[in-house]
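Hi,

Here is the structure I promised to pass on.

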Amino acid sequence: CRQLTVAGYRRIGLALPMDWDLRVNHRWAGAMTWHNLYGGTEPVIPFISGTHGPALDPAALRAWLLAQRPDAVICDTLRVFQLAV
């Protein structure tokens, strides 16, 4: 988050599957919450997908992107795809 902030990104989002968030005891979401409060950027609600495994629900992710409008997204997933937004 610090590197993204230094690079000029103001709205940093997080996208990951629910089971991955649970597996790390919400540490990713907690770090993003801390950054949203104290990192000097604009808050973005994290996208925690209801899916399991590395895949994110493309339709739900697209809706989140349109609603939250992040400048950058931190994503810990093996499956990468492009969304036309």
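Some ground rules before the rest. This is a predicted model, where local features need pLDDT of at least 70 and side-chain atom pairs count only at pLDDT 80 or more, while totals for chains, interfaces and linings use all residues. Residues are numbered from 1 along each chain as its sequence is written, and side-chain values use heavy atoms, with hydrogens and water left out.

**Overall layout**

The protein has 4 helices and 3 strands, in the order α-β-α-α-β-α-β along the sequence. These are DSSP runs numbered from the N terminus (helices: H or I, at least four residues; strands: E, at least two). Of its 85 residues, 34% are buried, meaning under 20% relative accessible area; exposed is over 50% and partly exposed lies in between (1.4 Å probe, protein chains only). Taking contacts (heavy atoms within 4.5 Å) between residues at least 6 apart in sequence, 65% join residues at least 24 apart.

**The sheet**

The 3 strands form an open sheet, ordered S2-S1-S3 with parallel pairing; a pair needs at least two DSSP bridges. S2 (47–49) and S3 (72–75) are the edge strands with a single partner strand each, so one side of each has no neighbour in the sheet. Neighbouring strands are turned by 20 degrees against each other on average, direction ignored. S1 (residues 12–17) is joined to S3 by 4 bridges, and Leu14 sits opposite Ile74 in S3.

Helix H3 (residues 27–38) lies across S1 and S3, at about 165 degrees to S1. For angles, axes are lines fitted to C-alpha atoms (for helices, over the stretch in contact), and values run from 0 to 180 degrees between N-to-C directions.

**His35 and the cysteines**

His35 belongs to H3 and is buried, with 6% relative accessibility. Its side chain makes a polar contact with the side chain of Thr5 at 3.3 Å (N or O atoms within 3.5 Å, one able to donate a hydrogen and the other to accept it; residues adjacent in sequence count only if both atoms are side-chain atoms). Beyond neighbours within four places in sequence, His35 touches Cys1, Thr5, Ile12, Gly40 and Thr41.

Cys1 is partly exposed at 30%, and Cys75 is partly exposed at 36%. The structure holds 0 disulfides (cysteine sulfur atoms within 2.5 Å).

Cheers
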